[in-house]
Amino acid sequence: MSEQLKGFIHTITEQQLNVFSIRILQKGHLLAHWDRDKDQRRVQHSISKSFTCMAVGLALEEGQLHLDATLGDYFSYDHVPVAQRNLPSPQELKLRDLLRMSSGHDSPPLWADERASLTEKDWAKYYLSLPLDRAPGEQFTYSSGDTFMISAMLQAATGQTVKDYLTPRLFDPLGIHDVEWETSPLGVTLGCAGLWISNEELSRFGQLLLQEGHWEGTQLVPADWIRQATSQQIETTGGGDWGKGYGYQFWMCSHGAYRADGANGQLCIVIPSKEAVICINSEEENMQGILNAVWNEVLPLYTQR
C-alpha cells in the first residue's frame, strides 16, 4: 500500500529525513501505509501528553477534577515559595494553566535531562519549590513539567496512576494492551513522555480523536472535551507549524488540522475537514521538514468530504 506514498517517500529520502513509519486514514479506513523496516512499539515522547489530556477529560466527567483545581488542593509541602513580587505561589497554579502550558516559568522544570539527574525523588515537591517568574495564564512556555504535574494531580485525585486510570477507559477499548509508560522515582506516570506504542496503535488514537471520542458504539471520552482540547486555548510564538497556537496538550497546525507531537518526529495529525488521520514515527530533529512533506505530498491524496 505504499504506491500512493511514493512522493512522500521520495521527499524524505532526498532530504534524509529519518522516518520509520507512516499511516494515513480517511473515514476510518487505511488508505496507505509504509514502514522502513517494521512497525514496532517506540517511545512516543510528548505524544504522551495528549494521552494524559484524555485522562483529565475523563476525570472531569467523573467529577474527580475540575479545571480551576489548584496544585495546593492536592499537594502540601514545607518550604514552598510564598507569593512574591505580586506573583502567586506555585501552589495556586490551576489545572487549566498547566493544560495550556501557561504556568509562568521562564525556564520550565523537569526537562528530560533534569529528570535524569535530579536527586529529589519527589518531583512534585521539586516543581513546587520553584517560584514563578510571571503571572500564570498569560504566556505559553512549553513545559514537560506542567504535564508531569497534571499526571501527579490526577493520581492524587483518583488514587490511580494515569496509566492505570486509562487502561480500562481508553487503552483496552482501543485494543492497546500491556502498555509501557515510564514513571517518576515515586511511581507517578510521567504523563509528559515515556509512552511506548506502535504507529498503528497511534493511528487508532488519532481515529478516536477524529470521531470526538466515539469508538465502536461507545463514547470513550467526552466529545466536548476533545473539542476543547484540540481548539486553540493560547497563542504560540514559534515558526511554521509551531506558531499556530496550542490547545490543551495539543498543537494547532496548518490546513485546519491539529496534532499530538513528540520529539524527533512522532506525529499524530488530525484533519477534520478531510476526515483524515496521519500518524508518523521517526527519529528526526527536522520535524517541520516532515510536516512540510505531509502537506505537500500526503494531503493531496485525500478526496474532499
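**Entry 1. Nonpolar cores.** I began with the largest nonpolar core, which has 66 residues; Phe51, Met54, Phe205, Trp225 and Phe250 touch the most other members. Helix 2, residues 47–61, gives the most to this core, with 8 residues. I note here that the model is a predicted one.

I then took Trp225 and set aside its neighbours within four places in sequence. Trp225 is in contact with Cys53, Met54, Val56, Gly57, Leu60, Leu67, Leu99 and Tyr248. I looked next for a further core and found a second, separate one of 34 residues, with Ile24, Trp34, Phe140 and Tyr302 among them. As a general remark, nonpolar side chains tend to be buried together in soluble globular proteins.

**Entry 2. Strand 1 and its partners.** Is strand 1, residues 19–26, mostly covered or mostly open? I find it mostly covered, as 8 of its 8 residues are buried.

Which strands pair with strand 1? I found strand 11, residues 276–282, joined to strand 1 by 7 bridges, and the two run antiparallel. Within this pairing, Val19 has Ser282 as its bridge partner. I also found strand 2, residues 29–35, which pairs with strand 1 in the antiparallel sense over 6 bridges. Here the bridge partner of Ser21 is Asp35.

Entry 3. I looked up Gln16, which lies in the loop between helix 1 (6–14) and strand 1. With a relative accessible area of 70%, Gln16 is exposed, because the cut-off for that class is over 50%. I also checked the separation of Gln16 from Asn286: the two are 270 residues apart along the chain, and their C-alpha atoms are separated by 9.8 Å.

Entry 4. I recorded Leu110, which has a positive phi of about 65 degrees although it is not a glycine. Leu110 is placed in the loop between helix 3 (95–99) and helix 4. Is Leu110 buried or exposed? At 1% relative accessibility Leu110 counts as buried, because the cut-off is under 20%.

I recorded Glu212 as well: it is not a glycine, yet its phi is positive, at about 50 degrees. Glu212 is found in the loop between helix 8 and strand 6 (214–215). At 30% relative accessibility, Glu212 counts as partly exposed.

**Entry 5. The largest pocket.** What is the volume of the largest pocket? I read about 270 Å³. The pocket is lined by 16 residues, of which Ser46, Trp111, Tyr142, Ser144 and Ala263 lie nearest its centre. Helix 4 (112–117) and strand 9 (257–262) each supply at least two residues of this lining. By class, I noted 9 nonpolar, 4 polar and 3 charged residues in the lining of the largest pocket.

**Entry 6. The second largest pocket.** I noted about 180 Å³ of space in the second largest pocket. Its lining holds 13 residues, and Leu209, Leu210, Glu212, Tyr258 and Pro272 lie nearest its centre. Helix 8 (199–210) and helix 9 (223–229) are the elements that give two or more residues to this lining. Which of the elements gives the largest share? I find that helix 8 does, with 3 residues. The lining of the second largest pocket comprises 5 nonpolar, 3 polar and 5 charged residues.

**Entry 7. The cavity.** How many cavities of 30 Å³ or more are there? I count 1, and the volume of the largest cavity is about 40 Å³. Ser46, Lys49, Ser50, Tyr142, Tyr246, Gln249, Phe250, Trp251, Ala260 and Asp261 line this cavity. Helix 2 and strand 9 are the elements that give two or more residues to its lining. I divided the lining by class into 5 nonpolar, 3 polar and 2 charged residues.

I cross-checked the names against earlier entries. Ser46 and Tyr142 line the largest cavity and are also among the residues nearest the centre of the largest pocket. Phe250 lines the cavity too, and is one of the residues that touch the most other members of the largest nonpolar core.

Technical notes
Residues are numbered from 1 along each chain as its sequence is written. This is a predicted model: local features need pLDDT of at least 70, side-chain atom pairs count only at pLDDT 80 or more; totals for chains, interfaces and linings use all residues. Side-chain values use heavy atoms; hydrogens and water are left out. Buried means under 20% relative accessible area, exposed over 50%, partly exposed in between (1.4 Å probe, protein chains only). Helices (H or I, at least four residues) and strands (E, at least two) are DSSP runs, numbered from the N terminus. Two strands pair if DSSP finds at least two bridges between them. On a 1 Å grid over the protein atoms alone, a cavity is a set of points where a 1.4 Å probe fits but cannot get out, and a pocket is an open set with protein on both sides within 12 Å along at least five of seven lines; lining residues have an atom within 4 Å of a point. Grid points are joined across faces, edges and corners, and a volume is the space filled by probe spheres set on the points. Ala, Val, Leu, Ile, Met, Phe, Trp, Tyr, Cys and Pro count as nonpolar, Asp, Glu, Lys and Arg as charged, and the others, Gly among them, as polar. A nonpolar core is a set of buried Ala, Val, Leu, Ile, Met, Phe, Trp, Tyr and Cys residues joined through side-chain atoms within 4.5 Å. Contact means heavy atoms within 4.5 Å.
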